[in-house]
Amino acid sequence: MHDPNPADSAEPDGAAQPGPSRRSFLVGTGLVAGAAVLAGPGRLASAAATPNTAADGSAPVLYADQVRSVRPGEVLSLAGSGLTSGVLIELWLIPDDTSAPASLAAVPATPPSGSVSLTATDPEGDNVVITVPATTTDGAYAVYVSGDSGSTWSVPLVLNAAQPWYLDQPTSAPGDVVTVIGPSVAHSAPTAKTPQVYLRSPSGTLIPAPVSVTSDYELAFTLPSTLAVGSYTVLVSNGLGGHYGYDASLTLTVAAAAASPTTSYDIVADFGADPSGAHDSTTSIQNALDAAAAASSGARVLFPAGSYAISSKLTLGAGSGVIEIVGATTGTTTVLMSDSSVFSPTVTPETSVDFFGCNAGDDHGMLYLAPSTHPVRLTGIGFGSNGKRPVILEIDGRTGTMVTNCRFVGDSYPENIWLYAGVCSILVQNTRGLRVANCSFTCNKGIYLSNVVDTRVEDNTFAIYFPRLPTDPATKNGQVDNDGIQVWGARRLTIRRNQFTRGSSTYHYARAVQTGAVKLWATTWGPTDACGVQDVLTAHNTVDSAGEPGKNNGEAMVGDGIKVPTGGGALTAVDSATSNTVTPSGATFTLHTLTDPVGSYVFVVAGTGAGQIRRVVDNTATTLTVEYDWEVVPDTTSVVVVQNVHARQLFVHNTITACSKYVGNYGPSVLSVVAGNTVDSTGAPGTVSTMTGAGFFSIYGVDSNGAYNSQPSFYNVVADNQLTGADAFLSYQNYAKGAVPAAPLVRGNVVARNTASGVTQTVALADSTLGGSPAATWGRYNAIVKNELGSGVTYQAAVDGRFDHTVYQGATSELASGGTNPVVVPG
């Protein structure tokens, strides 16, 4: 559980900022959406152009944005409208077809021959439960609903087809390996299928690309070495559903690889730097960097083996081509702040500060890369702050930077300097196309990313600790709050195969990965990319010993709070709406600011159209324009909330040991997944809480201005995790001073096939508020599906009474409690 009254977040403008503003989760928390995909399958061929619409709610509708994966024999809770008693439901097994998709066929508008009728269980108007027959072949399915005895049918909802969210390298060169990331891009269980990727040229030519499966969420494909430059549509199939199962929502730009520069400068031979470290080399190295920036076609700056002392910040200007900064190796080439240099003079002693931005004029860093569209390749150098700087490397608005095979040591600073999270090794802002790979960090805070797109952090090692004790005045709020990777606003972020460990036997660290605080700005990246934190893969990482004894930290990986947009946060009635707009009652929004609603999500939490979510792409002072048409247009009975959120985040296949808390999102979250992780809390440094393991929290609170702040959690998945001393959970927390939300905030989530040991139950749907929350309906239509009991576990699930219409599939003897109006389906 987190501090319910954090400070407001500030824009990363290069200034030091006071205290823990990144944890402003009651003043904000976020979601995201994406141009390419919240248009995935289900919006595939049949629904891409025409949503599942009955705009006035008069006919049955299945919403495209919800959980769309299910196995034979499993239940699935389906969100929509018009799903009342007597509704007919048909399920069609879409035939597989491995031939090249010369064209993408539309899913038939009515149930084809061979469809099977399903029982509509617990039809509630805005939700219905189905069970896929156990005898049905594993595959992609189309679901149809009818409210008039089959005379007309809804647009079908496609289940189990590939749902690509993003490409890890949306601009690539011939011969590159690109990974498509999203749910079900490959299909391994219960029956393994062969996925396929084709590139479609502007002329319509289909080019097959060889594929390699990393997981069901990662499908790598190799670009042919002879591929022409240009723009290609990426067609992705997980092997299910034949030509109906392809997704064509992503675009790949193929460009020639940037050539290495032919001009070289040696900082020793050409500029007189001292490799012994006995003399200051600041001027020599700066002259070499200036020469490289002035070269007409870029340049290579060579750092021969040696130790180079500097006394002030180095700056690389914009340049006119690729610039390479190359050391011999990290073990033989080092750049250190000199013993005689002073700590950054503009940092006020004995004042708690953190750094959320950079600029050319600050004295915080060791090396500054100025804004530019020309790439930088930094490799083979070790950097050490030597207790003299709060930041080592600053990357400011630079496109295409690569930092590889470097070492960063930023683990100390003067006793009278109160850095809230310690020294930051790499600080990045307003940047596209960054890759940090095969680097090592001995650090207080490893990498801070703010307002970034198309970023990869891969194959690094982080030894992390905050070099102060809880009783030290430099420790804000009496506990550590540092991260291996900290993210403020991001789109298309890939964090994989990193190792996070505690770097000290005396001191601790808070967490490996934390995202949140502020959104990705529309003013920088445009409305298409604007979001909170969206399209994120955090996978195949190892995390050990996050947290400290008796403190409120220790999340292995967490999507934390995001600043609420001005005019958002509250549950609000609707004054009016059109096919693609909504006007919340009494709300006033800002325009073209960090806190405008562009990139936020609108949640319809009650009334007409309940269960829909839409990303905002434009606004006036009173009206929001959403990304695509409503399937059911809200009206004056509807209740909405506007939030920045964590959207489409994948926490998958991580190995987490001895961490005090959980992996998942805390606050507003949609369409995110925590799956395939191994979590063992044994030996955690802190006290393991009741909500430890894998899951999602929804929050209802009061912000610093006294306004109510609702943070929903819709359509997330917790599946296939192995948990020891921990459970899978959906939870809510109430900091609203006795008030309760007017509508459920935890909706349509799925907890399936997890196994736990050493706890009372595998799955908990429960209140985690200190002291408990007032009675209210906090959750509705969530599903608990076929979870397993490991050693010492008594129950598959326990559901508190504030959860309504929870679907439980399993042995009734393994259900401790089912909440209100449970739907129990034998497992």
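This is a predicted model: local features need pLDDT of at least 70, side-chain atom pairs count only at pLDDT 80 or more; totals for chains, interfaces and linings use all residues.

Reader: How do you know that the radius of gyration of the protein chain agrees with a compact globule?

Author: The radius is taken over C-alpha atoms, and the globule rule is 2.2 Å times the number of residues to the power 0.38. For 827 residues a compact globule would come near 28 Å, and the protein chain has 26 Å, so the two agree. The C-alpha atoms fill a box of roughly 85 × 65 × 55 Å along the principal axes.

Reader: What makes a stretch count as a helix or a strand?

Author: Both are DSSP runs numbered from the N terminus: helices are H or I with at least four residues, strands are E with at least two. The protein chain has two helices and 70 strands.

Reader: How do you know that the span of helix α1 agrees with its number of residues?

Author: The expected span is 1.5 Å times one less than the number of residues. Helix α1 (residues 282–294) has 13 residues and should span 18 Å; its end C-alpha atoms are 18 Å apart, so the values agree.

Reader: Why is E631 called buried?

Author: Buried means under 20% relative accessible area, exposed means over 50%, and partly exposed lies in between (1.4 Å probe, protein chains only). E631 has 1% relative accessibility, so E631 counts as buried. The residue lies in the loop between β46 (624–626) and β47 (639–643). Of the 827 residues of the protein chain, 63% count as buried.

Reader: What makes a polar contact, and which side chain does E631 meet in this way?

Author: A polar contact is a pair of N or O atoms within 3.5 Å; within protein, one must be able to donate a hydrogen and the other to accept it, and residues adjacent in sequence count only if both atoms are side-chain atoms. The side chain of E631 meets that of R614 at 3.2 Å. The E631 side chain also reaches the backbone nitrogen of A64 at 3.0 Å.

Reader: Why is S372 called buried, and what does S372 touch?

Author: S372 has 10% relative accessibility, so S372 counts as buried. Contact means heavy atoms within 4.5 Å. Not counting residues up to four places away in sequence, S372 touches A318, G397, R398 and T399. The S372 side chain reaches the backbone oxygen of A318 at 2.8 Å.

Reader: What makes β4 and β7 a pair of strands?

Author: Two strands pair if DSSP finds at least two bridges between them. Six bridges join β4 (residues 88–93) to β7, and these strands run antiparallel. In this pairing, E90 stands opposite Y144 in β7. Three bridges join β7 to β8 (residues 157–159), also running antiparallel, and A142 stands opposite V158 in β8.

Reader: Why is strand β7 called mostly covered?

Author: Six of the six residues of β7 (residues 141–146) are buried. Y141, V143 and V145 point one way from β7, while A142, Y144 and S146 point the other way.

Terms used. Residues are numbered from 1 along each chain as its sequence is written. Side-chain values use heavy atoms; hydrogens and water are left out.
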